[in-house]
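Please look over the sequence and the model below before reading on.

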Amino acid sequence: MKLPSAKHWIFALSFMFLLIAPHGRALATVVASANANGVVLIDSGSKLLAHEESSHTGVQDRSFARATAQYGITKATTGGAASGSGNAFSGRYTQWTDVIAFNSPSLTGEKGQATLGFSYGYLIDSSALAEGKRAHVQFVMAATVNVNSSEYSNFVIANSTNKGSSIDVDVVQRRSDVNGNSDQITPHFLYLTTDFIWGTPFTLDVKMAVNGRTLAAGTQDLASYELDASQSGYWAGAMNVSSNGLPVSDFTIYGESGTNYTNSFVPQQVEVPEPST
């Protein structure tokens with residue numbers, strides 16, 4: 001079965017859950033920008049965006065969703081609980097997009113290739129204490145590049161669903177880049193290999209979404225969900241950088257936003273493994 005692209009997954013999830021400065025990083029305020037259907041509007045160039053939905057129906061019920069974004073970093077968290085006939089749902093979508101270029105004076109105009117890395121992590125849980133209760137929570141992170149009209153992507157989706165008597169947890173990861181397609185799960189990291197031209201900018205887009213919902217079904221027992229990705233979503237640097245097939249170690253990566261992406265933004269206590277080949 002052919003899976004849809006990361007872009008299609010993200011926008012499908014946006015609709016679905018409406019129903020239910022170190023390292024040279026540029027800082028900016030995240031501004032919600034959505035149309036009448038609540039879908040985040042996309043434009044070109046450097047930007048930070050976020051969109052939130054949160055609601056609960058009972059006096060004792062609760063729901064929340066929070067997120068922050070910097071160029072190179074996304075963080076998000078959500079949770080909710082409902083009992084009786086109440087329901088809760090919440091979701092947060094956040095994104096950074098930049099136009100970046102690999103630079104090395106002697107290589108301008110030459111063909112290049114690199115593996116881009118992105119770290120992620122989350123704590124995920126859903127609970128439903130009786131038959132008829134339902135709780136579901138989902139984490140999504142996607143990285144996409146667009147180079148000379150070629151689009152490459154890698155995304156991960158993690159779900160936790162509790163149906164009162166059983167809990168299901170599943171993770172799907174899908175990569176489509178210059179090395180072909182892969183469904184291999186790489187815990188805590190997304191890798192994306194792309195061709196480029198040295199000195200020529202291309203678009204890099206990273207999205208994160210956290211969403212949850214409950215169905216209380218009339219009993220007094222509690223249904224709840226929680227997802228914490230508040231220490232997650234870092235640019236992890238570029239690896240295996242080359243020019244015409246030869247390795248390159250002396251280079252810089254800068255974005256249109258002014259952000260320096262030459263080095264990883266992952267906290268030092270987190271080791272970034274080399275991508276498998």
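Which residues do ring pairs link into a cluster? In this model, which is predicted, the cluster joined by ring pairs consists of Trp 96, Phe 118, Trp 235, Tyr 261 and Phe 265. Aromatic pairs can be followed elsewhere in the chain too, for the count comes to 15 aromatic pairs.

One of these pairs is formed by Phe 102 and Phe 196, which are stacked, with 4.3 Å from centre to centre and 20° between the planes. The two residues belong to distant parts of the chain, since Phe 102 is in strand 5 (residues 88-103) while Phe 196 is in strand 12 (residues 189-197), and they stand 94 residues apart. Phe 102 and Phe 196 are both buried.

Phe 102 also pairs with Phe 251, and here the ring centres are 6.0 Å apart and the planes meet at 35°, so this pair is tilted. Because Phe 102 lies in strand 5 and Phe 251 in the loop between strand 16 and strand 17 (252-255), the pair ties together parts of the chain that are 149 residues apart in sequence. Like Phe 102, Phe 251 is buried.

Turning to the whole chain, the reader will find one helix and 17 strands in the protein chain. Of its 277 residues, 50% are buried, and its accessible surface comes to about 12800 Å², of which carbon and sulfur atoms account for 51%.

The backbone deserves a careful look as well. Most residues other than glycine have a negative phi. Asn 240, however, has a positive phi of about 50° although it is not a glycine, and this residue lies within strand 15 (residues 234-243). Asn 244 is another residue other than glycine with a positive phi, in this case near 50°, and Asn 244 is found in the loop between strand 15 and strand 16 (246-247).

Are these two residues buried, partly exposed or exposed? Asn 240 has a relative accessible area of 45%, and because partly exposed residues fall between under 20% for buried and over 50% for exposed, Asn 240 counts as partly exposed. Asn 244, at 48% relative accessibility, is likewise partly exposed.

Terms used:
Residues numbered from 1 in each chain as written. Predicted model: local features only at pLDDT ≥ 70, side-chain atom pairs only at ≥ 80, totals over all residues. Heavy atoms only, no water. Helix = DSSP H or I, 4+ residues; strand = E, 2+ residues; numbered from the N terminus. Buried < 20%, exposed > 50% of the residue type's maximum accessible area, 1.4 Å probe, protein only. Areas by Shrake-Rupley, 256 points an atom, 1.4 Å probe, with all protein chains shown as cover. Phe/Tyr/Trp six-rings, centres within 6.5 Å; stacked < 30°, edge-to-face > 60°.
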